[in-house]
Amino acid sequence: SSNLTFNLRNAIRVTRDDETDWVKCLHGDVVVGVERLKDDDHQLRLYQGETLSATFNFSPYNPGYAPGYRGIHFMSFAPKCDYLTLTLDGWAYYEGNAREELWLLDISKKTLNPIVIGYWPLVRAADYPVQSLRADWSPDGQRLVFGDEWFGLEVFNLNTSTRSRLANLRNSGWNPKWSASGKWIA
């Protein structure tokens with residue numbers, strides 16, 4: 001079993017060697033390797049074609065109490081393979097008090113930064129979820145939508161680095177998706 005079990009969007013899992021998962025963007029020559037290191041640390045290697053173009057060592061912004069419980073559970077390439085999102089898991093049952101995190105790899109600028117640190121409820125029970133940050137890309141690759149019925153839906157704009165509320169708790173669902181036209185979110 002793998003500590004890096006995750007779902008993919010706009011990518012295929014190429015291979016797994018030792019503790020490194022390798023994924024390739026479906027629409028380009030970008031390949032990413034993510035390795036789980038000790039103490040919740042990770043290493044990401046970015047290849048463009050056959051060339052290693054960047055390496056990033058990073059740790060969750062909010063590490064969990066027990067080492068080994070923080071991991072990437074969702075990766076998604078933008079439609080043009082110019083960005084990659086990484087979502088670190090964030091269920092209180094899994095991580096103690098850790099929040100879910102959404103990281104953004106800007107492939108052209110070769111930067112990796114946390115862009116959204118999810119919320120947690122005021123009262124943290126053993127198995128209470130935190131804000132879901134499994135983001136879906138807009139067709140133009142410039143916006144992300146994420147959220148759930150417990151925290152509402154939000155849109156993150158890459159051009160302005162801003163978040164805006166799309167729907168409140170009563171009108172939200174799970175795993176929002178952009179329409180092909182970019183006019184609608186389901």
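Which element gives the largest share of the lining of the largest pocket? Strand S10 does, with three residues. The model is predicted.

**The pocket**

The largest pocket holds about 180 Å³ of space. Its lining consists of Tyr83, Leu104, Asp106, Lys109, Thr111, Asn113, Ile115, Phe156, Leu158 and Ser161. Two elements, S9 and strand S10 (111-117), each give two or more residues to this lining.

**The aromatic pairs**

The structure holds two aromatic pairs. A pair of aromatic rings is described by the distance of the centres and the angle of the planes.

| Pair | Centre distance | Plane angle | Class |
|---|---|---|---|
| Phe58 and Trp103 | 4.9 Å | 45° | tilted |
| Tyr83 and Trp137 | 6.0 Å | 25° | stacked |

Take Phe58 and Trp103: their planes stand at 45°, so the pair is tilted. Phe58 sits in strand S6 (residues 51-58) and Trp103 in strand S9 (residues 101-106), so this pair ties together parts 45 residues apart in sequence. Phe58 is buried at a relative accessible area of 6%. Trp103 is also buried, at 6% relative accessibility.

Now Tyr83 and Trp137: their planes stand at 25°, so the pair is stacked. Tyr83 belongs to strand S8 (residues 83-88) and Trp137 to strand S11 (residues 136-137), so the parts tied together are 54 residues apart in sequence. Tyr83 counts as buried, because its relative accessibility is 15% and the cut-off is under 20%. Trp137 is buried too, with a relative accessible area of 6%.

Tyr83 links the two topics. Its ring pairs with that of Trp137, and Tyr83 is among the residues lining the largest pocket.

Key:
Residues are numbered from 1 along each chain as its sequence is written. This is a predicted model: local features need pLDDT of at least 70, side-chain atom pairs count only at pLDDT 80 or more; totals for chains, interfaces and linings use all residues. Side-chain values use heavy atoms; hydrogens and water are left out. Rings of Phe, Tyr and Trp (its six-membered ring) pair if their centres lie within 6.5 Å; planes under 30 degrees apart count as stacked, over 60 as edge-to-face and the rest as tilted. Helices (H or I, at least four residues) and strands (E, at least two) are DSSP runs, numbered from the N terminus. Buried means under 20% relative accessible area, exposed over 50%, partly exposed in between (1.4 Å probe, protein chains only). On a 1 Å grid over the protein atoms alone, a cavity is a set of points where a 1.4 Å probe fits but cannot get out, and a pocket is an open set with protein on both sides within 12 Å along at least five of seven lines; lining residues have an atom within 4 Å of a point. Grid points are joined across faces, edges and corners, and a volume is the space filled by probe spheres set on the points.
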